[in-house]
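Biologist: I would like to learn how to read some features of a model. Could we begin with the aromatic rings?

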Amino acid sequence: MGIPNYQHTAASRFINYVQIDTQSDPASPTQPSTEKQKDLSRILVEELHDIGIKDAELDEYGYVYATIPATSDKEVPVLCYCSHVDTAPDCSGKGVKPILHMSYDGKDIVLPDDPTVVISTKDHPYLKERIGDDIITASGTTLLGADDKAGVAIIMDLANYLIQHPEIQHGKIRILFTPDEEVGRGVAKVDMDKLGAQFGYTLDGGERAHLEGETFSADGVSVVFNGVSAHPGYAKGKMVSAIKAAAAFVDKLPRNEWSPETTEGMQGFVHPVHIEGTIEKATVQFIVRDFVTAQLAHHEQKLRELVDKTVAEFPGMSVDFIVKEQYRNMKEILDGQPQVMDYAEEAYKRAGMITQRMSIRGGTDGSRLSFMGLPCPNIFTGEMGIHSKQEYVSVQDMEKAVETLVHLAQVWEEHSK
Ligand SMILES: [Zn+2]
């Protein structure tokens, strides 16, 4: 249940949005990475105008900005509610056929267009908690796109509700819809001055009551082995193979620890993601992840020691070790502004939930936004089984998120002077 005596629009909007293909493309250099993302963004602008939000606009980079005007005379910090319009490149998002399963009964959901795709409570334990809810799935050949069109629909429904209910006291709220979150460029071209918000919340989390205020800190490392090439027929004593050095180096990485496939919870890792090379030059690319930013240097030092050991085995070999910052744990920012999480927790409570503060073993648009001056944790939407054909979302979870956002805006207002 969401807000009493209000006809929610989140589900009907959601069903429309997911039928629009908005897949992003990591290989594209343009911004947005695919023009078709704007097909949805244009509709969002129109719908915002229909709701009564006159300043809604789409810019050339694919960002939608809009304002829910303040109803309070107090000096309330400007909040931003943010979600992304693109869907993941990992799974087809073309021709999505959403199916609404009313009052879910707990049985396996067999998807009609490919009956081998089954959503069961065995594989999706959270679904068991949603028995009785109305569940939306795709039809078996595509993802659903609840990540993050659930977030988009929630924010749109919230805007619709607040404009219809000016008696609810809140400050100015900026709406931001981003493209390209799934390819890591969601906030690359966002205009922070134009946005003009002080605190933000992304709507891109999963289970009801989860509140995510912690992400990985992330570096990328390139290890470049520089060998010496020579004609293979006359290479004795001259050739130094970068390929063999790279292979020897990768072989030194431990297999039972320090990797994505052997870590969980709060553990960090290093992870080779790409290797390429010739005799002269071979490159191994890593991602390095930890919740504690200072630990990244420790991981990189350990990696460096393995590199040095390798180079010592190949006289004549030289190496470049290049570290590049990717993103940082938003907790470092949020700890300095504890009200951002605390007010969200208060809003969850008013909506009848006990908050579960969670950590994300990855990054979000919010990790970058937090370091761009907009502290920005992540709120649940109900999106589950994301990036797959088993993706689903509960209508009641979306409506609960709308209700939570209403409370959240009110909590900020009450704490202002
Ligand atoms: Zn997402």
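Modeller: Phe199, Tyr343 and Trp412 are joined into a cluster by ring pairs. This is a predicted model, where local features need pLDDT of at least 70 and side-chain atom pairs count only at pLDDT 80 or more, while totals for chains, interfaces and linings use all residues. Residues are numbered from 1 along each chain as its sequence is written, and side-chain values use heavy atoms, with hydrogens and water left out.

Biologist: How many aromatic pairs does a search of the whole structure find?

Modeller: A pair of aromatic rings is described by the distance of the centres and the angle of the planes. Rings of Phe, Tyr and Trp (its six-membered ring) pair if their centres lie within 6.5 Å; planes under 30 degrees apart are stacked, over 60 edge-to-face, and the rest tilted. The search gives 10 aromatic pairs. For Tyr343 and Trp412, the ring centres are 4.7 Å apart and the planes are at 80 degrees, so this pair is edge-to-face. The two residues are 69 apart in the chain, with Tyr343 in helix 9 (residues 339-350) and Trp412 in helix 11 (residues 395-414). Helices (H or I, at least four residues) and strands (E, at least two) are DSSP runs, numbered from the N terminus.

Biologist: Is Tyr343 buried or exposed?

Modeller: Buried means under 20% relative accessible area, exposed over 50%, and partly exposed in between (1.4 Å probe, protein chains only). Tyr343 and Trp412 are both buried.

Biologist: Now a sheet. What is the order of the strands in the open sheet of four?

Modeller: Two strands pair if DSSP finds at least two bridges between them. The order here is 12-13-11-14, with antiparallel pairing. Strand 12 (269-277) and strand 14 (318-327) are at the edges with a single partner strand each, so one side of each lacks a neighbour in the sheet. Strand 11 (residues 217-226) pairs with strand 13 (residues 281-290) over 10 bridges, and Gly220 has Ile287 as its bridge partner in strand 13.

Biologist: Which strands does helix 6 touch?

Modeller: Contact means heavy atoms within 4.5 Å. Helix 6 (residues 242-251) packs on the sheet and touches strand 11, strand 12 and strand 13. Helix 7 (residues 293-312) also packs on the sheet, touching strand 11, strand 12, strand 13 and strand 14.

Biologist: How many residues of strand 2 are buried?

Modeller: In strand 2 (residues 64-68), five of its five residues are buried. Val64, Ala66 and Ile68 lie on one side, Tyr65 and Thr67 on the other.

Technical notes
Axes are lines fitted to C-alpha atoms, for helices over the stretch in contact, and angles run from 0 to 180 degrees between N-to-C directions.
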